[in-house]
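Okay, thanks for coming, everyone.

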Amino acid sequence: MGTDLRVGLGFDLHRFGGDRDLVLGGVPIPEGPKVVAHSDGDVVYHALIDAILGALGKGDIGELFPPGEKRYEGARGVDLYREMTTRVGEFEIVNLDITVVLDSPKLSLYKSKIRTNLSRDLGVEESRISLKAKTSEGLFVSGVMAQVVVLLRLP
Ligand code: MG
């Protein structure tokens, strides 16, 4: 890989109240609220995909995976990620900085599991994956959101 570095920012949110179990970075949160989503509603993966597309100037997740399309119904974040990688050309993740906003449950029990899972699925060392969890102090209680900053190195 070369010295061509690109930064990208991704953001996603999903509303509570649907029928999808809450999944963050591929890790199920069984005591979490259900979410409304066409795919699996994993805001961490969706924000990550948008961050990478942003860094590469390749549009956004909605262009790549149109929300109405039958074949993406219930699609797992990691599968969307893998399909995205086949369409955008080569890159290497230098580091990821993820923030999840969720009022309940507290994510302290899940943070390390999510980092380990992402590290394995993305092939990125855990030391290069930061995961911060915040509450919205009750201001944002009807959904879950995530923001991801990624630094990529291109060949
Ligand atoms: Mg989404």
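So, to start with the rings: two aromatic rings, from Phe, Tyr or the six-membered ring of Trp, are called a pair if their centres lie within 6.5 Å. Keep in mind that what you see is a predicted model.

How many aromatic pairs does a search of the whole structure find? It finds two. Let's take Tyr45 and Tyr81: their ring centres sit 6.2 Å apart and the planes make an angle of 55 degrees, so we call this pair tilted. And where are these two tyrosines? Tyr45 belongs to helix H1, residues 43–56, while Tyr81 belongs to helix H3, residues 77–88, so the pair ties together parts that are 36 residues apart in sequence. Are they buried or exposed? Tyr45 is buried, at 0% relative accessibility, and Tyr81 is buried too, at 6%.

Then there's Phe65 with Tyr72. Here the ring centres are 5.0 Å apart and the planes are at 75 degrees, so this pair is edge-to-face. Phe65 counts as buried with 7% relative accessible area, and so does Tyr72 with 5%.

Okay, on to the strands. Have a look at S6, which covers residues 143–154. Strand S1, residues 4–20, pairs with S6 in the antiparallel sense, over 12 bridges.

How values were computed
Residues are numbered from 1 along each chain as its sequence is written. This is a predicted model: local features need pLDDT of at least 70, side-chain atom pairs count only at pLDDT 80 or more; totals for chains, interfaces and linings use all residues. Side-chain values use heavy atoms; hydrogens and water are left out. Rings of Phe, Tyr and Trp (its six-membered ring) pair if their centres lie within 6.5 Å; planes under 30 degrees apart count as stacked, over 60 as edge-to-face and the rest as tilted. Helices (H or I, at least four residues) and strands (E, at least two) are DSSP runs, numbered from the N terminus. Buried means under 20% relative accessible area, exposed over 50%, partly exposed in between (1.4 Å probe, protein chains only). Two strands pair if DSSP finds at least two bridges between them.
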